Amino acid sequence: MDGSRPTFRREDGVGEPVEEGVGERDPADPGGPGAGSFASPTYAFAASLPSDPDALLTMLLADAVRHHGPGSGSTTGPAQQAFVAVGDLLRGAFTPPATTAALFRAAARIPGVVVLPSAVDAAGRGGVAVARVHDGERSEWIFDAATARYLGERTVLTEAGPWGGSGTVVTSVAVVGHGIVDEAGRLPRPVAGR
C-alpha cells in the first residue's frame with residue numbers, strides 16, 4: 001500500500017508481481033521515495049492528492065503537459081492524458097473516498113468529457129459511462145448506475161479504421177473482484193453479499 005514493495009496482480013487466474021510505483025518519484029509530484037506518480041499510482045500517492053477538484057485538475061494538467069505536451073513527441077495531448085490518469089487512479093490505486101470524489105469532479109472539468117447513460121462491460125453488466133473521444137476512439141469508464149462502483153472500461157471506435165467500422169468495440173474489460181490482503185499473492189476473502 002505504501003509503494004515501497006512490489007504489488008501483485010492476478011488477471012485471468014494468472015498472478016505476477018507488479019513493480020509500478022516502487023521507488024519511483026517525479027520531483028514535481030507530492031510524496032517521498034516510493035510514493036508513486038500519476039504514471040505509477042500507489043495508495044500513498046492517491047492519498048496525498050488534494051481533495052479540491054480544481055487543485056487536483058491543475059496537478060493533472062501540469063503533469064500531462066510535462067509528459068505529453070508540446071515537444072514531448074506524444075500524440076496523446078494533455079487533456080486526454082489527464083483523462084487517462086484519472087482512469088488509472090480510479091482503476092488501480094484504491095483511492096480514499098475524498099480523493100475519489102475529487103477525481104470524478106476533476107474529470108468532469110476536462111474538455112470533451114461526457115456521461116453516457118448506457119454502456120456494457122466485458123461481463124455484460126450494464127452501467128453508466130464517463131467517456132472522452134480522442135483520435136477516433138472513445139474511452140469509456142463504466143460504473144454501476146446505483147452504487148457508482150467501477151465495473152470496467154472499453155474503447156469504441158468513433159470512426160472507421162483498420163480495426164473496424166464506427167461503433168466497433170476494440171477493447172473491453174470487466175473488474176469482477178478486487179481486494180487488499182496482507183501478503184502479495186494471497187487472494188482476498190469473499191465479501192458477504194457480493
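Predicted model: local features only at pLDDT ≥ 70, side-chain atom pairs only at ≥ 80, totals over all residues.
1. **Aromatic cluster.** Phe104, Phe143 and Tyr150 are joined into a cluster by ring pairs. Rings of Phe, Tyr and Trp (its six-membered ring) pair if their centres lie within 6.5 Å; planes under 30 degrees apart are called stacked, over 60 edge-to-face, and the rest tilted. By this rule there are 4 aromatic pairs.

2. Residues are numbered from 1 along each chain as its sequence is written, and side-chain values use heavy atoms, with hydrogens and water left out. The pLDDT is the predictor's confidence in each residue, from 0 to 100. Its average over the chain is 82, and 81% of the residues score at least 70. A contact means heavy atoms within 4.5 Å. Among the elements, strand β1 (residues 7-11) has the lowest mean pLDDT, 67. Strand β4 (residues 126-134) has the highest, 96.

3. **Layout.** The chain has 4 helices and 7 strands. Helices (H or I, at least four residues) and strands (E, at least two) are DSSP runs, numbered from the N terminus. The order from the N terminus is β-β-α-α-α-α-β-β-β-β-β. Among contacts between residues at least 6 apart in sequence, 36% join residues at least 24 apart.

4. **Burial and surface.** Of the 194 residues, 34% count as buried. Buried means under 20% relative accessible area, exposed over 50%, and partly exposed in between (1.4 Å probe, protein chains only). The chain exposes about 10,900 Å², and carbon and sulfur atoms supply 54% of that area. Areas come from the Shrake-Rupley method with a 1.4 Å probe; for residues, only the protein chains shown count as cover.

5. **Stacked pair.** Phe83 and Trp141 are stacked, with 4.0 Å centre to centre and 10 degrees between the planes. Phe83 belongs to helix α3 (residues 78-92) and Trp141 to strand β5 (residues 137-143), so the pair ties together parts 58 residues apart in sequence. Phe83 is buried at 1% relative accessible area. Trp141 is buried too, at 4%.

6. Phe143 is buried at 5% relative accessible area. Tyr150 is buried at 11%.

7. **Salt bridges, starting with Arg109.** The structure holds 7 salt bridges. The criterion is a side-chain nitrogen of Lys or Arg within 4 Å of a carboxyl oxygen of Asp or Glu. Arg109 pairs with Asp54, and their closest N and O atoms are 2.9 Å apart. Arg109 sits in the loop between α4 (97-108) and β3 (114-120), while Asp54 is in helix α2 (residues 53-68), so the bridge ties together parts 55 residues apart in sequence. Arg109 is partly exposed at 40% relative accessible area. Asp54 is partly exposed at 43%.

8. **Helix α3 to strand β6.** Glu153 and Arg91 form a salt bridge of 2.6 Å, N to O. Glu153 is in strand β6 (residues 150-157) and Arg91 in helix α3, so this bridge ties together parts 62 residues apart in sequence. Arg91 is partly exposed, with 38% relative accessible area. Asp88, Arg91 and Glu153 are linked in a salt-bridge network.

9. **A buried bridge.** Glu140 and Arg154 also meet in a salt bridge, 2.5 Å from N to O. Glu140 lies in strand β5 and Arg154 in strand β6, so the pair ties together parts 14 residues apart in sequence. Both partners are buried: Glu140 has 1% relative accessible area and Arg154 has 17%.

10. **Nonpolar patch.** Tyr43, Phe94 and Ile180 form a nonpolar surface patch with about 250 Å² of accessible area together. Patches are made of residues with over 30% relative accessible area and no salt bridge; like charges are joined within 9 Å, nonpolar side chains (Val, Leu, Ile, Met, Phe, Trp, Tyr) within 5 Å. Tyr43 lies in helix α1 (residues 43-48). Tyr43 counts as partly exposed because its relative accessibility is 31%.
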